[in-house]
Amino acid sequence: MRKKIVAGNWKMNTLPQEGAELAKNVVANRGEVCSCVNFIVCPPFTHLSMVAAELKGSDVELGAQNCAAEEKGAYTGEISAQMIAALGCKYVILGHSERRQYYGETSETLNKKMVQAYANNLTPIYCVGENLQEREAGEHFNVVKKQLEEVIFNLSEEQFKNLIVAYEPVWAIGTGKTATADQAQEIHAFIRKTLREKFGAAADDCAILYGGSCKPANAAEIFAKEDVDGGLIGGAALKAADFLAIGKGFAK
Ligand code: PEP
C-alpha cells in the first residue's frame, strides 16, 4: 500500500513569522482531512526552527527545499543536510526544476546531494519533468528517463525504499496550466515502469507525486489516477485551507 502524500514547497515565500503562522493553521485544521494523508511542509531554511516548533506534537512533517552537495566546511552560504536534519527535517526536495534551471544543478551535483541526504536519514523528494519544448517535441519520456537513470539508478535497494519521486512538468509549474489527469497518469506509469526495471517490485511501493499548478479544484481528478500518489504543491501550499483541501482530493 503506497503512502498518500501532500507536500508543500513554499519556495522563497513568507517571512519567518508568517511561515510559523501558516504552519500553525495547517496543524490546527489538519483534523479535517483523513489521517491516512501524510502532509509535509517545506519552508525556507530560515523558517525551519520556528515551523518545527509549530509542528511539534502533530503528524505534519518537515522538509527542506534543498541541501548542500558537500558534508561541511568552507562553502559560504550553503546549508548542509546535517544542519536541516538537526532542525527536524525528515525530507529534502532535490532536483527541483528551478534549481536545475536557475542554479545549474546537474545530475552530478544531485548525486552528491543524494549521498548527503541519505547519510543524514533524510528522504529525498526527487523532482523530474520536461520543459515545454521537450513536451512539444515528444521528448518527455526520454527526458524523465534520463533524470531517473542518472541519479536514482545510483541508489542502493535500501536507499530506494526511502525515496519519493515528484513528476513536475516545467510548463505547468506556477503557470496555472496543469497536466491533464491522463497526461499525469501516462507519465507516472512510465516512471514506475522505469523504476521497476531497476528496482523490481519495490517500485510498486514508491510514492510518485504530481506537481504543477495543483489546487483544490483539480487535485481529486489527478489523485484518482492509479499511479498518482499525491502532490508536490507550490502556490496553493501558501494558504493552509487550500493546502489541506488538496488533501481531501484522495478518494482511494
Ligand atoms: C512546484 O514548484 O513544486 C510547484 C508544483 O509549483 P506550483 O504548484 O505553484 O505550480
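## The chain as a whole

How many helices and strands are there in the chain? There are 11 helices and 8 strands, where helices (H or I, at least four residues) and strands (E, at least two) are DSSP runs numbered from the N terminus. The chain's radius of gyration is 17 Å, close to the 18 Å that the globule rule gives for 252 residues, so the chain is as compact as a globular protein of that length. That radius is taken over C-alpha atoms, and the globule rule is 2.2 Å times the number of residues to the power 0.38. Along the principal axes, the C-alpha atoms fill a box of roughly 45 × 45 × 35 Å.

A word on what you're looking at: this is a predicted model, in which local features need pLDDT of at least 70 and side-chain atom pairs count only at pLDDT 80 or more, while totals for chains, interfaces and linings use all residues. Residues are numbered from 1 along each chain as its sequence is written, and side-chain values use heavy atoms, with hydrogens and water left out.

## Inside and outside

Of the 252 residues, 50% count as buried, meaning under 20% relative accessible area (1.4 Å probe, protein chains only). The chain exposes about 11400 Å², and carbon and sulfur atoms supply 50% of that; such areas come from the Shrake-Rupley method with a 1.4 Å probe, and for residues only the protein chains shown count as cover.

Now for contacts, meaning heavy atoms within 4.5 Å. Among those in the chain with a separation of 6 or more, 72% come from residues 24 or more positions apart.

## Around the ligand

The side chain of Lys11 has an N or O atom 2.5 Å from a ligand oxygen. Taken alone, the ligand exposes 290 Å², and the protein buries 95% of that.

## A look at Arg135

Arg135 sits in helix α6 (residues 132-136) and is buried, with a relative accessible area of 13%. Leaving out residues up to four places away in sequence, Arg135 touches Glu130, His140, Tyr167, Trp171 and Gln183.

Methods:
Polar contact = N/O pair within 3.5 Å; in protein donor to acceptor, adjacent residues only side chain to side chain.
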